[in-house]
Amino acid sequence: MKKLLLFPFLVILCILPLYQVAAAEATEISAVRVATRNDANIPFVRTVLDVNNKVTPKLFVDKSGQYVTVTLPGTKVAADLQTDYKADENIVSKITLAKRLNNTDINFRLPYKVTTDDIKVFTLGPTGSAASRVVIDINDKSGKVRQWHKWKHLNMGTYGNDKASKPANKPVTSIPAYKRSTAKGLKGKVICLDPGHGGTDSGAVGSYSQEKNITFAIAKKAQALLSAQGATVVMTRTADVDVYGPHAGAVEELQARCNVANIAAADVFISIHIDASDQAEPGGVTAYYGTGSKEGLQLATALHRENMKATNFGDRGVHAANFYVLLHTVMPATLLELGFISNPQEERTLNTDAQQQNFAESIVDGLSRYFS
Ligand SMILES: [Zn+2]
């Protein structure tokens, strides 16, 4: 009996040290984010994986061109991380994380044939205290994902799915024409606040926080201040949700936000965002207005001037841009980038109640200035 027991015991002794070495060295994949980007020339699905060590990803495209695997050597999936992900179905049917020996395979099932030219795989960071990231971009081959800058039809889409603020997915039938109010002051004005991103779209990600939560916190504070001054505030979202729907293409998502403002006949549209860079150093505040919009320029300038008083972040100026929400809202519109989440100092500051309140107040002051 004793001899028989000795064998398994020896086996355990032999395996244990090996197992411990492997476990200690495995880089962990702690988060996966999937988003559709159609603000580029060719729309693409971006998959971002957070890892706690540098990895060297390897890309494989099978003969059919419809199975793509990115192998991350020496990695394992965090125990609580889900292994199946959805994306825009025109580009990627399914994403699964699969364990294979000491590697993790990120498997993409695609509805259309691709080659390696359609795929970009790269790594970022670590920057500051931000995790290293593996980024996998897969281009649209369907031709069905509309590029936002080619989008011409304002009168489309649905009202959005944020049930708290409006009826669910109400079709857009008519959009009132914009008329500039001649009344001065904030009282009686309809202000549309658009907290950037939300729900399945986290926006830019810092070392410990997400853009969607910061933009929402600032918007909520501004909403309270504006309401107190007698303005009617229309929020594109009132919770952590996608405005159009989960995993929607950017056009649908952004058009749904425009629809909220257009249907409400808002006097102004203010989209709140936090900037990001691949590097840790860039920082500062920018205000954008739609190219060619004089009133947009006035609005962006008024808000930017006040925003710069509310922070010690750098001044990146006021610029014209062809951002979707600026071109597809009928009223004067501005998109504010209130600092960089990729800059560790600015990320910390942006997550404080004090800075969020400062920006909320400066947005209100900027609007007072614009309407005076
Ligand atoms: Zn953003």
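**Exercise 1.** Leaving aside its neighbours within four places in sequence, which residues is Asp 50 in contact with?

*Solution.* Before starting, note that this is a predicted model, in which local features need pLDDT of at least 70, side-chain atom pairs count only at pLDDT 80 or more, and totals for chains, interfaces and linings use all residues. Residues are numbered from 1 along each chain as its sequence is written, and side-chain values use heavy atoms, with hydrogens and water left out.

Step 1: list the partners, taking contact as heavy atoms within 4.5 Å; they are Glu 28, Ile 29, Ser 30, Ala 31, Arg 33, Ala 131, Ser 132 and Arg 133.

Step 2: among these partners, look at Arg 33, whose side chain is joined to that of Asp 50 by a polar contact of 3.0 Å (a pair of N or O atoms within 3.5 Å; within protein, one must be able to donate a hydrogen and the other to accept it, and residues adjacent in sequence count only if both atoms are side-chain atoms).

Step 3: check the accessibility of Asp 50, which is buried with a relative accessible area of 12% (buried means under 20%, exposed over 50%, partly exposed in between, with a 1.4 Å probe and protein chains only).

**Exercise 2.** Which strands stand at the edges of the open sheet of five strands?

*Solution.* Step 1: write down the strand order, E5-E1-E2-E10-E9, with mixed pairing; two strands pair if DSSP finds at least two bridges between them.

Step 1: read off the edges, E5 (75–77) and E9 (119–124), each of which has a single partner strand, so one side of each is left without a neighbour in the sheet.

Step 2: turn to E2 (residues 44–51) and E10 (residues 132–139), which pair in the antiparallel sense over eight bridges, with Phe 44 opposite Asn 139 in E10.

**Exercise 3.** What caps the N-terminal end of helix H4, and which elements do the buried residues of H4 pack against?

*Solution.* Step 1: the cap is Ser 293, with a side-chain oxygen 2.8 Å from the backbone nitrogen of Gly 296.

Step 1: Gly 296 is itself one of the buried residues of H4, which also include Leu 299, Leu 303 and Met 308.

Step 2: the buried residues of H4 pack against strands E13 (268–275), E14 (285–290), E15 (315–321) and E16 (333–340), and against helix H7 (353–371).

Note on methods
Helices (H or I, at least four residues) and strands (E, at least two) are DSSP runs, numbered from the N terminus.
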